[in-house]
Amino acid sequence: MGFSFLALAPYMATPAVRVKHRETLQKQWKGVCAIGVFMATNIALNNTSLVNMTLTLNQIIRASIPVFTCLLAVGIEKKVPSKGEAGSLFLLTAGVMLAVWEGKVAGTTQAIVLCVAGTICNAAMMSTTGKLLSDRIDVLRLTFYTAPVSCACLFPLFLYYELNRFIGYKGQHALDMYGIIIMTSAIALSYNVVHSLMIQQTSAVTTTVLGEAKIVGLMILSYLLLGEKRVFTLRLTAGCTIAILGFCLYSHFKLWAQKPVVRAATPDPEAKPLVAKSQNHHDESSKM
């Protein structure tokens, strides 16, 4: 988050962009703070849950993000899905859950609660992002504004939980550490910008649906390109099939909803009498 703020600072200091900061923050500061807090909370809760639960269970719970995003979008973005869209979302989510389930899932009650809470925060972050991006704020400024908020939320946790281990690792791998931090921070900044652009061009729900399709796509590619035939069990095959079906149905209903309605022009019942009246008037004028 600190890297994102510093990397975007030179561009944000240019005169053309600098004049927009005050007006934007006065109008959107609540949304900016909400996105920053939701993002930080999602990261903290999800990472904490992984300490006491398997990655499989974590992915099963996180697969429900499209459903949570859809529900929250009704209140935050005032976007109500159609019955077809809602049904296809549940079908997609069930398919991904079945696909990532490996049979052995374990986790404490506390870890499950933390993971669910983090998933809800992620969905709230995406819906709020969609709301702000629709209010004439560009992606780079949104990333620049939310980064210090998330950093402020996460920094105390870093000092309390990770500082000592961070210092110990730095003493042994100083050069590698700086390289890893810079590289992963640049990737994270690029991801956040592209992710926000995706929300802006489509919607928060559609972006989560594409994220689910990505998981299924990676599984299929691992089978085709890496020869991981043993991994592709009957359960995983069924899950991928259901997920792909849900994705196709969602795309169909979404495109159908965006299709312009063309209505046939209905003749005006009064048009014919008016024409006849005009014609009669013309005939009478000719006789005179």
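Biologist: Why does Lys27 count as exposed?

Modeller: Exposed means over 50% relative accessible area, buried under 20%, and partly exposed in between, with a 1.4 Å probe and protein chains only. Lys27 has 59% relative accessibility, so Lys27 counts as exposed. This is a predicted model, where local features need pLDDT of at least 70, side-chain atom pairs count only at pLDDT 80 or more, and totals for chains, interfaces and linings use all residues. Residues are numbered from 1 along each chain as its sequence is written, and side-chain values use heavy atoms, leaving out hydrogens and water.

Biologist: What makes the contact of Lys27 and Glu23 a salt bridge?

Modeller: A salt bridge is a side-chain nitrogen of Lys or Arg within 4 Å of a carboxyl oxygen of Asp or Glu. For Lys27 and Glu23 the N to O distance is 3.3 Å, so the pair meets that definition. The structure holds 3 salt bridges.

Biologist: Which salt bridge does Glu77 form, and is Glu77 buried or exposed?

Modeller: Glu77 meets Lys79 in a salt bridge, 3.5 Å from N to O. Glu77 has 11% relative accessibility, so Glu77 counts as buried. Lys79, at 40%, counts as partly exposed.

Biologist: How do you know that Asp138 and Arg141 form a salt bridge?

Modeller: Their closest N and O atoms are 2.5 Å apart, so the pair is within the limit. Arg141 is buried, because its relative accessibility is 5%, while Asp138 is partly exposed at 28%.
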